[in-house]
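Have it open while you read.

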Amino acid sequence: MEVGCSPINSSASQDDRWNHLQTVLTRTSPLAHPEFEPNEETLSFIQDTCKLLVVGAGGLGCELMKDLVLMGFKNIDVIDMDTIDLSNLNRQFLFRPKDIGRPKADVAAEFVNNRVPGVRIKPHCCPIQDYDADFYRQFHIIVCGLDSVVARRWMNGMLVSLLTYTDDGQLDVSSVIPLIDGGTEGFKGNARVILPGVSACIDCTLDLYPPQVNYPLCTIAHTPRLPEHCVEYAKVLLWPKENPFGEGVSIDGDNPDHVSWLLEQAEQRATQHNITGVTYRLTQGVVKRIIPAVASSNAVIAAACTSEVFKMATSCSPPLSNYMVFNDTDGVYTYSFEAEKREDCPTCSIKPVTMTFHEDATLQDLYDHLIQTFQMKSPSLTTVVNGNNKTLYMPNVPSIEQVTKKNLKEKLTVLGIQDNHEIVVADPTSPKQVIIIIRLTFDMS
């Protein structure tokens, strides 16, 4: 065999390459899970039966797919809506220059299927929201390698919505699909294990995510000092004013024409204020809120996530409980802790969320509270008044928003909402509707 060639394509080595897994799976250990039973059938389960879904085929997703197939998993689906860009090639090692412009999921699946015999990776080139509950219900474990908090929350909400309960309110554990979530930010990262309905979910720990950077509008419009200010000026002020690609067309950070137009406007703005540093990469990074990625961080977090998938699928060792942070900014530091499940979590709590407002509160007060407290994006509000369904506000449908927007100024009581009233909230961050119980306080005079 030539030096540098991988042995995985050698038929003589196919049985031997799983010896390290059989060593773990056919022997007991002081570190094993109490319910672990050593046997030779477990390897067959993870190779032939266990079905995984990898969400995201970017820097973390590429590492995840490589690690998972080398740990014996063969039945994997991958879903990603993005196409390959030149800037991806420095860390997303499954892609080559000839792949630029092609869907990430397609190329990643082709590469791994051709590279590792017996692996069956099925690509899905679309948003995760395109599939319903039946699609996600087919998987044993779901692994996320996303760069979007909104997408994480949606996937979290989907898995919570799949949970079933007995008549006495006990969780049916057979309906629990574990979610292994990884994320990186420069030289930092985290890995976590989520058992929907059992442990803390994504929405239980929203405060752990760094706040999104927003620049003051007055700075953007009048006193720009950074190249980012110039890009934001083009994005926030010029785009909606000039509609360069048609009325109502939103900015697509993956569309080269959109990014190039913003770059041109930002460069003109930068020249006017003697600012340097406006580039195509910076422009796209500001538009998509991209934080520079580091390949080594992706490798570490993907390895940690893969270990948790293996432990979850085989019970050979207790899983992480339930959050691990990684930081190699100055040296290498890791720390694990158990994030607590919130009893009032709007997503995973089985009880409706209660909110208290003064009798003079308006629908706008409720709307703002949902955005500030639960970090919703554009919640739609409906209820039942006098036995009839009533849409209070629906911002995501222009025709309905135009009709219902006036309700934001009205008091809750004027809209027919009384003490102990139920309101149903739907938001793009989750496929699961949230029931809010409104409690009203009154002046005692």
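1. Start with helix α4 (residues 104-115), where K104, A105, V107, A108, A109 and V112 are buried, meaning under 20% relative accessible area with a 1.4 Å probe, protein chains only. Their cover includes α3 (59-70), β2 (75-79) and β3 (120-124), counting contact as heavy atoms within 4.5 Å. Helices (H or I, at least four residues) and strands (E, at least two) are DSSP runs, numbered from the N terminus.

2. A caveat: this is a predicted model, where local features need pLDDT of at least 70 and side-chain atom pairs count only at pLDDT 80 or more, while totals for chains, interfaces and linings use all residues. Residues are numbered from 1 along each chain as its sequence is written, and side-chain values use heavy atoms, leaving out hydrogens and water.

3. Now the sheet: five strands, open, mixed pairing, in the order β9-β13-β12-β10-β11. Strands pair if DSSP finds at least two bridges between them. β9 (353-358) and β11 (388-393) are at the edges with a single partner strand each, so one side of each has no neighbour in the sheet.

4. Within that sheet, β12 (residues 421-427) and β13 (residues 430-441) run antiparallel, joined by six bridges. H421 sits opposite I438 in β13.

5. Helix α11 (residues 295-314) checks out: its 20 residues should span 28 Å at 1.5 Å a residue, and the end C-alpha atoms are 28 Å apart, which agrees. The expected span is 1.5 Å times one less than the number of residues. After α11 comes S315, with a positive phi near 65 degrees.

Definitions and conventions. Buried < 20%, exposed > 50% of the residue type's maximum accessible area, 1.4 Å probe, protein only.
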